[in-house]
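Please keep the sequence and the model in view while reading.

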Amino acid sequence: MSPSTKNSYLSKTVANLEPSGIRRFFDLASTMDNVISLGVGEPDFVTPWNIIEASYHSLERGYTAYTANAGMLELREEISNYLKYNYLVEYNPLNQVIVTVGASQAIDLALRAIVNPGEEVIVIDPGFVSYAPAVTLAGGTPVAINTKSEDEFKLQPQQIEEAITEKTKAIIICSPNNPTGSVLTKDELNRIATVIEKHDLIVLSDEIYAELTYDEEFTSFAAITKMKERTVLISGFSKAFAMTGWRLGYATGPVEIIEAMIKIHQYTMMSAPTMAQHGALEALKNGKKSVLDMKTSYRQRRNFVVNTLNEIGLSCHQPGGAFYVFPSIKSTGLSSEEFAEQLLKTERVAVVPGSVFGATGEGYIRCSYAASLKQLDEAMKRIKSFIDQL
Amino acid sequence: MEEKELELLELLETNGRLEVATIATMINLSVEETKQMIDKLENEYAILGYSAVINWSNVLEYEGVTAMIDVKVTPVRGAGFDKIAERIYRYPEVKAVYLMSGAYDLSVSVEGKTMIEISRFVSDKLSTLDTVISTTTHFVLKKYKHDGVIFDEEDDDKRILVSP
């Protein structure tokens with residue numbers, strides 16, 4: 001396919017981008033029958049009915065046109081109220097809130113808004129697969145901090161100090177974390193904030209799992225003293241309201257950054273889908289009960305999975321949030337790719353190798369407990385049988 | 001009531017066949033504590049029984065009819081509606097009786113093999129009771145949802161197998 005006079009039509013940046021390891025696993029799992037998947041990074045619930053119904057109704061009334069670039073004002077107002085009420089952070093809906101196509105787009109916009117070519121952005125390893133590529137695509141250089149199992153994969157302030165160079169512009173933090181489920185406490189965030197302020201960094205705080213914290217009350221990074229002015233808070237509807245396919249997220253932050261994000265958004269996206277915005281409005285107005293019910297169910301299943309995995313001999317600490325556990329498979333002597341591949345082939349259980357989430361994830365697997373109790377129970381039996389045969 | 005008791009009741013209400021050991025890990029109690037809690041709730045008549053939700057229309061050999069009957073009655077001095085309700089709910093074919101606000105007093109759900117069987121119950125037993133003023137019988141044509149369970153629900157997982 002390459003043109004005769006050039007090696008490739010592709011941009012060098014894209015050509016050099018590593019394909020996600022998740023993709024290979026998905027392809028492998030898709031060829032098999034009777035697979036129980038603990039490899040899914042999304043809720044097992046269908047979106048609550050009132051939200052679906054509100055979206056239907058918006059279509060019936062003919063709301064099929066673009067919205068304002070930044071999103072419907074009424075939705076931005078609700079987002080602003082929601083953040084104020086739940087996390088004690090205040091943003092002006094007129095110029096500090098942007099509605100995006102998933103939190104993923106918010107991350108992309110924020111990075112493109114702030115990164116100059118060659119500037120460095122710190123990302124956490126193991127972490128969500130998109131952060132480092134998004135930094136690269138924005139022209140920056142991702143710099144990984146390897147968090148440690150003995151710290152429950154929580155970012156340590158000292159590690160930020162060590163990673164900082166004169167080119168460091170920003171850091172992406174994610175609490176509760178995907179894939180480890182670790183949640184940073186208010187104290188831990190305070191200590192991180194001290195380093196952030198000292199080095200004048202911008203923080204992209206991915207709080208998409210904020211509603212799904214089970215043991216302690218969630219603290220937003222923007223609620224930490226003096227951090228709001230340097231934090232872009234990124235969140236969305238996917239996880240808390242089981243709305244992944246609706247592709248709706250948002251970012252809030254300093255006026256300068258949000259307005260820059262809106263500028264990119266208006267040229268490249270116009271606006272987030274209108275029918276999804278109407279659903280989101282209902283989610284914020286009347287979705288609390290559904291969120292709490294789902295949260296209870298995740299917590300119960302987390303307890304079940306953590307207990308069972310530890311009994312089986314795959315040690316893992318009890319993560320405080322999201323819907324993932326990240327057990328060590330080092331005792332089996334297999335690499336995480338080998339473990340996941342053999343488990344899939346012999347027992348038909350799909351998990352994600354930890355190495356997909358960065359080098360530090362080697363020796364671990366990510367198991368999602370967003371699956372029915374019946375499936376989780378069967379998966380645990382299959383994993384036990386797999387380990388017993390090793 | 002203690003929070004964990006509520007959690008246990010909700011778990012059992014959705015799935016009465018959950019094993020005690022599973023419930024125990026889910027709500028972070030020991031198996032022994034969970035057993036004691038269930039015993040206590042049974043003794044206090046908070047848990048009255050464990051039953052299955054059955055979609056009888058999927059059972060080929062089974063034929064049956066359900067009717068919901070609105071009953072207007074004259075309350076009896078000193079006993080209110082309770083006495084007349086008891087006269088009605090003692091019949092085994094009566095599956096549910098509720099005292100209602102609004103246009104009528106008692107809502108009675110009756111199951112029978114045929115419509116004739118239910119008509120006989122209404123004309124011979126129910127409407128002949130002294131305090132019953134009138135009855136309106138509605139036959140159930142199709143059950144869509146019962147006790148929170150949707151009948152004919154597709155339970156296939158629509159998610160892709162592996163995602164970040």
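A nonpolar core is a set of buried Ala, Val, Leu, Ile, Met, Phe, Trp, Tyr and Cys residues that are joined through C-beta atoms within 7 Å. The model shown here is predicted. Its largest nonpolar core comprises 122 residues, and those with the most contacts inside it are A:Ala110 and A:Ala251. The element that gives the most to this core is helix H5 of chain A (residues 102–114), with 8 residues. Apart from this core lies another one, of 13 residues, which includes B:Val71, B:Ile84, B:Leu106 and B:Leu126.

The surroundings of A:Ala251 may be followed in the model. Once its neighbours within four places in sequence are left aside, A:Ala251 is in contact with A:Ile98, A:Thr100, A:Ala106, A:Leu109, A:Ala110, A:Val232, A:Leu233, A:Ile234, A:Ile258 and A:Met261.

Attention now turns to chain B. The average pLDDT of chain B is 93, and 99% of the residues score at least 70. For the model, ipTM is 0.85 and pTM is 0.93. The domain assignment divides chain B into domain 1 (3–43) and domain 2 (63–141), and the C-alpha centres of these two domains of chain B lie 36 Å apart.

Helix H5 of chain B (residues 115–126) has as its buried residues B:Ile118, B:Phe121 and B:Leu126. Seen down the axis of H5(B), these buried residues fall within an arc of 50°, and they therefore line one face of the helix. On the other side of H5(B), B:Ile116, B:Ser123 and B:Asp124 are exposed. Against what do the buried residues of H5(B) pack? Their partners in chain B are strand E1 (65–73), helix H4 (82–89), strand E3 (106–112) and strand E4 (132–139).

The two chains also meet: 11 residues of chain B are in contact with 21 residues of chain A. By class, the side of chain B that touches chain A has 6 nonpolar, 4 polar and 1 charged residues.

A:Phe128 is found in the loop between strand E3 (120–125) and helix H6 (131–137) of chain A. A:Phe128 and A:Pro179, 51 residues apart in sequence, are 6.7 Å apart in space, C-alpha to C-alpha.

Note on methods: Residues numbered from 1 in each chain as written. Chains lettered and ligands numbered in written order. Predicted model: local features only at pLDDT ≥ 70, side-chain atom pairs only at ≥ 80, totals over all residues. Buried ≥ 20, exposed ≤ 12 C-beta atoms within 10 Å, placed from the backbone. Helix = DSSP H or I, 4+ residues; strand = E, 2+ residues; numbered from the N terminus. Contact = placed C-beta atoms within 7 Å. Nonpolar A, V, L, I, M, F, W, Y, C, P; charged D, E, K, R; others polar. pLDDT = per-residue confidence, 0-100. Arc of directions from axis to C-beta. Domains from an automatic or database assignment.
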